[in-house]
Amino acid sequence: MSNQKQAEEAMVSINDAGLEEKEEVSNDESGFSLKSVLWHGGSVYDAWFSCSSNQVAQVLLTLPYSFSQMGMLSGIILQIFYGVLGSWTAYLISVLYVEYRSRKEKENVSFRNHVIQWFEVLDGLLGPSWKAIGLAFNCTFLLFGSVIQLIACASNIYYIDDKFDKRTWTYIFGACCATTVFIPSFHNYRIWSFLGLGMTTYTAWYMTVASLVHGQVEGVIHSGPTKGVLYFTGATNILYTFGGHAVTVEIMHAMWKPQKFKYIYLFATLYVLTLTLPSAAATYWAFGDQLLTHSNALSLLPRTPWRDAAVVLMLIHQFITFGFACTPLYFVWEKVIGIHDTKSILLRALSRLPVVIPIWFLAIIFPFFGPINSAVGALLVSFTVYIIPSLAHMLTYRSASARQLSLDSEIDFAILSPLISSTAEIWKFIARDENAAEKPPFFIPSWTAMYVLNAFIVVWVLVVGFGLGGWASMSNFIKQVDTFGLFAKCYQCPPSPAAKHR
């Protein structure tokens, strides 16, 4: 193990070491605990399941719609491209988190009853102006991310039970999703993350196999791309797909050793691509341009017990993803009203309920499943997930002193660590300089190359994602408003016999 890596582990985990040891002793004494297995997660595997499960939920159902807008080849290429970009910016966020936490712990700040969030990292590293920017973009993105999950619940359930319109189902599932207020933190999503990933895996492969078995519809046409507005709308939906790491900091903070997060998001993305690429390609191959008016791919697949199972599983997964998106908002609200440090689950749950109300209301106003993904991707994800992390990393390490490593290569931790008895002494020993910089990864030859890569991401996403994508997605969104109106009772609902007899 390198000295740098040893320093990172000391910097991030030393304040929690005593607590972890107590928990391990307690677990050893009590033997096997079902509660700890299902409820208390903080390992590398828990983080991977959380990232993989959270990265692709309802958007899995809209990717064939994006393929119909931009064509098969562009859809495949951009999935891989934005998957790589998203993994890189998640890595940058993890580096900045470790940097921020190491600085604060050198000041003897304890995070035992406090969850670090992205806007706090920006505040600690770059100042209050960046805090305000990060807070505004992150909270707005998570707010609409929760709205999208609620819209998806109503859209999916309608295809197995159309006795109620989609707006009524939104009321019902809004009440169901409000129960996420009882989940304290990302530590407690262990079993949900595991189940959620299994559910999306089933749905993705069901879409793939069902589309191939169904075959191409008669007279199928694959005309995409035909219009720039459709092309960039589809592109921003893919940008949104791989921009699910607005909760990266909270997931890292839930880990027992957050410094091990660095490449977890990349491995999560690689797995997610095995779900999104086959399912989107097969569904677009089978139905072609019909998807242009069916943003939810499940609406075109014939109703079978297999499809009904996929709908039910996606409903459960969207409940889980609603919790993922909403939990950081709960934390922010708790900090605003001053109860974030309380240990009472009931008090925290009751205080969180006001956060759900605006989400519920917005889902009823804008029920545009599919187009809303692209709008959120262009206007919010582009900054929250791609531009801000890249700029923040560039500014944090812009000076030579900030990039200087804190440890001399001659230090032998194996010899000296037994001589260091307290946290304060460890910090005096480790923190030779003000900052502790993470070296560029092995595939980046220098800091200059790192700056060039980050600058490319900023320019690309600003021009293509926010600029062209914003124009296209908002044009499409406005078209949906003009066609269906706000508070649409049943967005893209086909006429049904049950509806005709009511």
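The model is a predicted one, and its protein chain contains 20 helices and zero strands. Of the 502 residues in the protein chain, 56% are buried.

**The surface and the chain as a whole**

- Among the contacts in the protein chain with a separation of 6 or more, 87% are between residues 24 or more positions apart.

- The C-alpha atom of Tyr65 is separated by 7.0 Å from that of His294, although the two residues are 229 residues apart along the chain.
- Leaving aside residues up to four places away in sequence, Tyr65 touches Leu291, Leu292, His294, Ser295, Gly370, Pro371 and Asn476.
- Ser211 is found in helix α9, residues 190-214, and counts as buried at 0% relative accessibility.
- A polar atom of the Ser211 side chain lies 2.7 Å from the backbone oxygen of Met207.
- The residues that Ser211 touches, not counting those up to four places away in sequence, include Tyr206, Ala282, Trp285, Phe287 and Leu301.

**Aromatic side chains**

- The structure holds 23 aromatic pairs, and one of them is stacked, because the rings of Phe137 and Phe383 have their centres 4.9 Å apart and their planes at 20 degrees.
- This pair links distant parts of the chain, with Phe137 in helix α7 (residues 128-157) and Phe383 in helix α15 (residues 371-396), 246 residues apart.
- Phe137 is partly exposed, with a relative accessible area of 23%, whereas Phe383 counts as buried at 16% relative accessibility.
- Tyr158 and Tyr159 form an edge-to-face aromatic pair, with 6.0 Å from centre to centre and 80 degrees between the planes, and both Tyr158 and Tyr159 are buried.
- One aromatic cluster is formed by Phe81, Tyr82, Tyr386, Phe456 and Trp460.

**Salt bridges**

- Side chains of opposite charge can pair when their charged atoms come close.
- The structure holds eight salt bridges, and in one of them Asp46 is joined to Arg190, with the closest N and O atoms 2.7 Å apart.
- Asp46 lies in helix α3 (residues 44-55) and Arg190 in helix α9, so this pair ties together parts that are 144 residues apart in sequence.
- Asp46 counts as buried at 12% relative accessibility, while Arg190 counts as partly exposed at 23%.
- Glu120 forms a salt bridge with Lys335, in which the closest N and O atoms are 3.1 Å apart.
- Because Glu120 belongs to helix α6 (residues 118-126) and Lys335 to helix α13 (residues 305-337), the pair ties together parts that are 215 residues apart in sequence.
- Glu120 is buried, with a relative accessible area of 13%.
- Arg303 and Asp308 meet through their side chains in a salt bridge, at 3.3 Å from N to O, and Arg303 counts as exposed at 53% relative accessibility.
- Glu334, Arg348 and Arg352 are linked in a network of salt bridges.

Key: Residues are numbered from 1 along each chain as its sequence is written. This is a predicted model: local features need pLDDT of at least 70, side-chain atom pairs count only at pLDDT 80 or more; totals for chains, interfaces and linings use all residues. Side-chain values use heavy atoms; hydrogens and water are left out. Helices (H or I, at least four residues) and strands (E, at least two) are DSSP runs, numbered from the N terminus. Buried means under 20% relative accessible area, exposed over 50%, partly exposed in between (1.4 Å probe, protein chains only). Contact means heavy atoms within 4.5 Å. Rings of Phe, Tyr and Trp (its six-membered ring) pair if their centres lie within 6.5 Å; planes under 30 degrees apart count as stacked, over 60 as edge-to-face and the rest as tilted. A polar contact is a pair of N or O atoms within 3.5 Å; within protein, one must be able to donate a hydrogen and the other to accept it, and residues adjacent in sequence count only if both atoms are side-chain atoms. A salt bridge is a side-chain nitrogen of Lys or Arg within 4 Å of a carboxyl oxygen of Asp or Glu.
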